[in-house]
Amino acid sequence: MRFLDFERPIAELEAKIDELRHMGSDNDLNISEEIAHLESKSDTLIEKIFSELTPWQVAQMARHPLRPYAMDYINAIFTDFEELHGDRAFADDEAIVGGVARLDGQPVMVIGQQKGRDTKEKVRRNFGMPRPEGYRKAMRLMQMAERFKMPVMTFIDTPGAYPGINAEERGQSEAIARNLFVMSDLKTPIICTVIGEGGSGGALAIGVGDRVMMLQYSTYSVISPEGCASILWKSADKAPEAAEALGLTSSHLMEQGLIDVIIDEPAGGAHRDPEAMAQRLKSVLLSELTQLQALDMDTLLENRYQRLMGFGKFTER
Amino acid sequence: MSWFEKLIPSRIRTDASSKKSIPEGLWIKCKSCSSVLYRAELERNMDVCPKCSHHFRIGARRRLDLFLDEGEREEVGAQLEPIDILKFKDSKKYKDRIVQAQKATEEKDALIAMQGQLKGMPVVAAAFEFKFMGGSMGSVVGERFVRAANLALEQERPFICFSASGGARMQEALFSLMQMAKTSAVLARLSKKGIPFVSVMTDPTMGGVSASFAMLGDINVAEPNALIGFAGPRVIEQTVRETLPEGFQRSEFLLEHGAIDMIVDRREMRDRLGSVLAIMTHQQLAG
């Protein structure tokens with residue numbers, strides 16, 4: 001599958017433009033006019049379709065098979081990336097990648113959840129669902145970043161932490177919990193970006209920081225729409241309704257004050273222009289980092305702590 | 001009606017619904033060993049089956065009542081009430097679910113916290129009310145947990161939490177998820193200041209509660225045979241497509257795999273936690 005249902009009209013129009021282009025090389029000047037016309041029509045169509053995406057459609061965008069993954073951004077944004085492996089206790093979990101790199105020359109630690117592009121890689125990456133050793137590797141790298149005064153940048157893209165027998169045996173809960181504990185007080189700036197799916201505790205486990213940002217068509221949710229639907233509606237078919245109710249889109253979460261920054265995607269989504277998306281993300285990372293680095297460590301940590309303490313809506317009478 | 005019942009003349013047939021000659025609730029059948037138990041005796045035994053030691057689930061207030069010394073106790077964050085910020089509606093409105101749960105449990109939300117004493121030692125203790133929407137963690141649970149922890153921090157008392165929860169509360173969506181980070185962050189402060197946190201996991205402790213503060217105890221304790229884990233057994237079964245091993249995600253399994261320090265019988269909870277906490281805080285227990 002290369003495009004989603006609601007992308008189909010765009011894909012059809014683009015196929016037509018492509019076809020004309022091939023013919024155009026042989027003859028007729030009118031064709032280039034026709035192409036220009038169709039291209040502007042395609043732009044309008046994209047704008048129209050994407051201005052009225054439902055939360056469920058956004059959820060599908062977040063999981064788009066062509067969507068750039070963590071490594072795509074890491075390669076495009078950073079230089080000198082050296083991947084570091086393993087949790088030093090059990091294994092190397094390839095659902096999480098991490099390592100040292102430079103951002104415009106500055107040393108940083110980057111950590112991301114990585115999905116696979118083809119079947120073989122998907123299996124190797126466990127579909128981006130980390131096991132405890134993945135979270136423990138992430139924690140090791142974060143603590144290393146603290147020691148060597150490197151800011152941490154995380155890229156979140158997971159359906160969730162892996163729900164498997166061996167993951168439970170090795171303490172999936174503890175691994176996630178420990179990261180929340182450590183990240184809340186890590187003495188270096190942390191910027192977290194949801195680039196695709198922000199799947200529940202599995203996402204949060206690398207998602208506690210000074211800034212939490214989301215790409216426009218990414219999602220962040222306490223449970224997947226399908227999971228929520230099968231529990232509360234007793235049917236996974238109600239996922240579109242659940243997506244609506246959960247309010248998992250970037251714009252909704254921004255309104256609720258749960259995230260700090262939305263990074264707009266190119267027309268039609270990040271996958272239509274990954275290079276432009278990466279450059280946009282890079283410039284936001286740089287400007288946010290500059291702001292955070294202007295703070296002294298106590299203020300940085302106190303702000304991070306108060307940000308967490310402020311989460312919650314209730315009445316008190 | 002079975003074929004046999006059909007043979008019985010109608011005048012001596014008894015209607016199944018009129019059979020309740022025993023007043024409801026006087027006798028209780030143990031889920032584990034099927035013994036029929038006299039309720040008063042079961043209660044005297046802290047809701048642990050006298051025959052097989054099966055630990056029945058108990059409510060938050062009863063839990064704290066059994067755990068803390070008699071005498072002065074003060075509730076923390078009692079005035080906090082949940083609100084339906086997202087206007088969440090599935091088959092039922094969240095607003096209605098809150099009202100219903102409040103009526104059924106006479107609690108405002110799923111966590112109750114108190115300051116009191118354990119064997120003469122000042123402590124702060126919190127307990128989950130599982131009957132309140134499956135003990136799910138939303139904003140009020142997170143906030144009460146934080147306030148209780150802060151009180152422990154200010155007064156330098158040990159903090160103990162008894163968990164019984166299905167996880168994060170879906171109806172408060174990402175707010176619920178953020179409670180995981182919020183509760184874990186406050187524990188980092190306790191840890192820094194050397195205030196002990198003891199997490200007692202009771203049946204069941206799952207999902208977002210297990211994957212946050214419940215696993216962050218200086219001492220992690222479980223009641224016998226409690227279901228404790230990140231993902232629910234059904235979800236795991238669907239994912240791995242194999243039957244789960246016997247005793248999977250039970251307290252004994254967690255002890256074996258190094259996730260918890262000890263399994264403590266409810267009837268010994270006060271003595272053993274009292275003793276451990278006294279050691280950790282360099283105190284002598286009175287008497």
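Visitor: How many residues does the contact take from chain A and from chain B?
Guide: Keep in mind that this is a predicted model. Contact here means heavy atoms within 4.5 Å. By that rule, the contact takes 46 residues from chain A and 57 residues from chain B.

Visitor: And how much area do chain A and chain B bury between them?
Guide: The size of an interface is often given as the accessible area lost when the parts come together. Carbon and sulfur atoms carry 71% of the buried area here. The total for chain A and chain B is about 4700 Å².

Visitor: Which helix gives the most to the side of chain A that touches chain B?
Guide: Start with what crosses the interface: the rule finds four salt bridges, plus 17 residue pairs in polar contact, both at pLDDT 80 or more. On the side of chain A that touches chain B, the top contributor gives eight residues. That is helix H8 (residues 172-183) of chain A.

Visitor: How do the residues on that side of chain A divide by class?
Guide: Sorting the residues of chain A that touch chain B puts nine in the charged class and 11 in the polar one. The nonpolar class holds 26.

Visitor: Which residue of chain A meets Lys192(B) in a salt bridge?
Guide: Side chains of opposite charge can pair when their charged atoms come close. For Lys192(B), the N to O distance is 3.4 Å, and the cut-off is 4 Å. The partner is Asp185(A).

Visitor: How far apart in sequence are the parts that Arg304(A) and Asp210(A) tie together?
Guide: The side chains of Arg304(A) and Asp210(A) meet in a salt bridge at 2.8 Å, N to O. Arg304(A) sits in helix H14 (residues 297-309) of chain A, while Asp210(A) is in the loop between helix H9 (200-204) and strand S6 (211-215) of chain A, so the pair links parts that are 94 residues apart in sequence.

Visitor: Are H5(B) and H6(B) roughly parallel or roughly antiparallel?
Guide: The axes of helix H5 (residues 139-155) and helix H6 (residues 173-193) of chain B come within 9 Å and cross at roughly 5°. Angles under 35 degrees count as roughly parallel. That makes H5(B) and H6(B) roughly parallel.

Visitor: Which residue of chain B does a cis peptide bond join to Asp203(B)?
Guide: Most peptide bonds are trans. In this cis bond, omega is about -10°.

Terms used: Residues numbered from 1 in each chain as written. Chains lettered and ligands numbered in written order. Predicted model: local features only at pLDDT ≥ 70, side-chain atom pairs only at ≥ 80, totals over all residues. Heavy atoms only, no water. Axes fitted to C-alpha atoms, helices over the stretch in contact; angles between N-to-C directions. Helix = DSSP H or I, 4+ residues; strand = E, 2+ residues; numbered from the N terminus. Parallel < 35°, antiparallel > 145°, perpendicular 65-115°, else oblique. Buried area = accessible area lost by both parts, 1.4 Å probe. Polar contact = N/O pair within 3.5 Å; in protein donor to acceptor, adjacent residues only side chain to side chain. Nonpolar A, V, L, I, M, F, W, Y, C, P; charged D, E, K, R; others polar.
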